[in-house]
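Take a look at the structure below. We will walk through it chain by chain.

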Amino acid sequence: MSGKPRLTYLNGRGRMEPIRWLLAAAGVEFEEVYLETKEQYDKLIKDGFLLFQQVPLVEIDGMKMVQTRAIMSYIAGKYNLYGKDLKERALIDMYVEGISDLMQMILMFPFSPPDAKEKNLESIKERATNRYFPVFEKVLKQHGQDFLVGNKFSWADVQLMEAILAVEEKVPDVLSGFPQLQVFKTKMSNMPTIKKFLQPGSPRKPPPDAHYVETVLKVFKK
Amino acid sequence: MSTKPKLYYFDGRGKMESIRWLLAAAGVEFEEEFLETRDQYEKLLQGGSLLFQQVPMVEIDGMKMVQTRAILSYIAAKYNLYGKDLKERALIDMYVGGTDDLMGFILMFPFLSAEDKEKQRALIIQKATSRYFPVYEQVLKDHGQDFLVGNNFSWADVHLLEAILMVEEKKSDVLSGFPQLQAFKARISSIPAIKKFLEPGSQRKPVPDDKYVETVRRVLCMYYDVKAN
């Protein structure tokens, strides 16, 4: 039996993608089980794998962890990506939660009805450029360091990198007003573990398509 | 100058209530500034106090903290309500994630139309009794201890009690199939700091009413319809 963490989710981004990013950034190899049918999902529930009957599920260090935030906090803590003390952790948590709110909009986007898609896309662009990116642009400008918190690579940097790329997929020129973020993006892309994750053949999942949406609706149908 | 934490929010539960609970459970006195007008909110925004332009905001230990989960984690860790190691913290985080999801169904309740309220009430009861309460019932039954994690009072216990009381406000006998949770509720309620918080005159906020909804809508210019889950 492998000692690697094992991820159970659909074969797509969803709520598991930030976990894949964090494990990859930490240089941790992992296995994946993909849910393709409702039967598979029902069986997981019946066998008592899913504490609240939901995925993501990450089997790690003898635990069957659920709840995305809990999983990420554990990984960040275990692999020293959570700052050096309580106050750095507070900063990381604030930044990560803010980014997570932005990512939530992107998460839900493929499931919005066709007549709401344009409005939702506009909202994503507006929030990214007026609420979230300016904060991180300012943080980086003020301390002039490479990383968001404590002059050290952390969970916050990984999460921000993921968000920048995700928004760029929808709004290609979104970083045009953010020179610090442009530099940040380049620096992150060159970090060995992230560089590897960004290459073809990595566990990184492509943007959600119609097939992914279909699978989600099928697997989680009530 | 007082060094008590200071909470900035509406005079009502919303996303700040869990923070009030946790500070109270930790025996920490706190001050509150209630947002009543749009002007107050804009002043906070212009002053740069709200990192992502949102409340809750808590001034604590020289920081202007935002993001409910970040604030709660900080308080839990500072006051030793976060377990003794990484694995206990993982359990606490999982359990709190569950009660957070459950309370999320209740958070938007006051903003729903009368018709949607009925549907949402049924959904809250269904989720509580079939998805969430059974989990905590089982945890308590399995280890037979007084507290959810590590035989020690933690954030998870405070959050669960808060969730239980909120669901009971929607259906008073909702714990009837959960003997462990009934005992848990009695036990945790009698912890001095919590008992104090449950007494009239404490900073615990009442069930949100129309006035609260009006205030939130006015301060946030949130006049769109809120849909149920």
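Which residues of chain B does UniProt list for "domain: GST C-terminal"? The unreviewed entry gives residues 85-209. Before going on, note that this is a predicted model, where local features need pLDDT of at least 70, side-chain atom pairs count only at pLDDT 80 or more, and totals for chains, interfaces and linings use all residues. Residues are numbered from 1 along each chain as its sequence is written, chains are lettered from A and ligands numbered from 1 in the order in which they are written, and side-chain values use heavy atoms, leaving out hydrogens and water.

UniProt positions are given in the numbering used here, feature names are shortened, and annotations may be inferred rather than shown by experiment.

Residues 85-209 are 69% helix and 0% strand. Here the end C-alpha atoms lie 41 Å apart. Helices (H or I, at least four residues) and strands (E, at least two) are DSSP runs, numbered from the N terminus.

Along the sequence, the pattern reads β-α-β-α-β-β-α-α-α-α-α-α-α. The C-alpha atoms fill a box of roughly 50 × 45 × 30 Å, taken along the principal axes.

How much of chain B is buried? Of its 229 residues, 52% count as buried. Buried means under 20% relative accessible area, exposed over 50%, and partly exposed in between (1.4 Å probe, protein chains only). In chain B, 68% of the contacts with a separation of 6 or more join residues 24 or more positions apart. Contact means heavy atoms within 4.5 Å.

Next comes the surface of chain B. Its accessible area is about 10,400 Å², and 50% of that belongs to carbon and sulfur atoms. Such areas come from the Shrake-Rupley method with a 1.4 Å probe; for residues, only the protein chains shown count as cover.

Turn to chain A. It has nine helices and four strands. Its radius of gyration is 18 Å, close to the 17 Å that the globule rule gives for 222 residues, so chain A is as compact as a globular protein of that length. Its C-alpha trace spans about 50 × 45 × 30 Å along the principal axes. Buried residues make up 49% of the 222 residues. The accessible surface of chain A comes to about 10,700 Å², with 53% from carbon and sulfur atoms.

UniProt lists residues 85-209 of chain A for "domain: GST C-terminal", from an unreviewed entry. That span is 67% helix and 0% strand.

Finally, zoom in on one residue. A:R20 sits in helix α1 (residues 17-25) of chain A. Is A:R20 buried or exposed? A:R20 counts as buried because its relative accessibility is 0%. Beyond its neighbours within four places in sequence, A:R20 is in contact with several residues, among them A:L7, A:Y9, A:F30, A:E32 and A:F197.

Methods:
Rg over C-alpha atoms; globule rule 2.2 N^0.38 Å.
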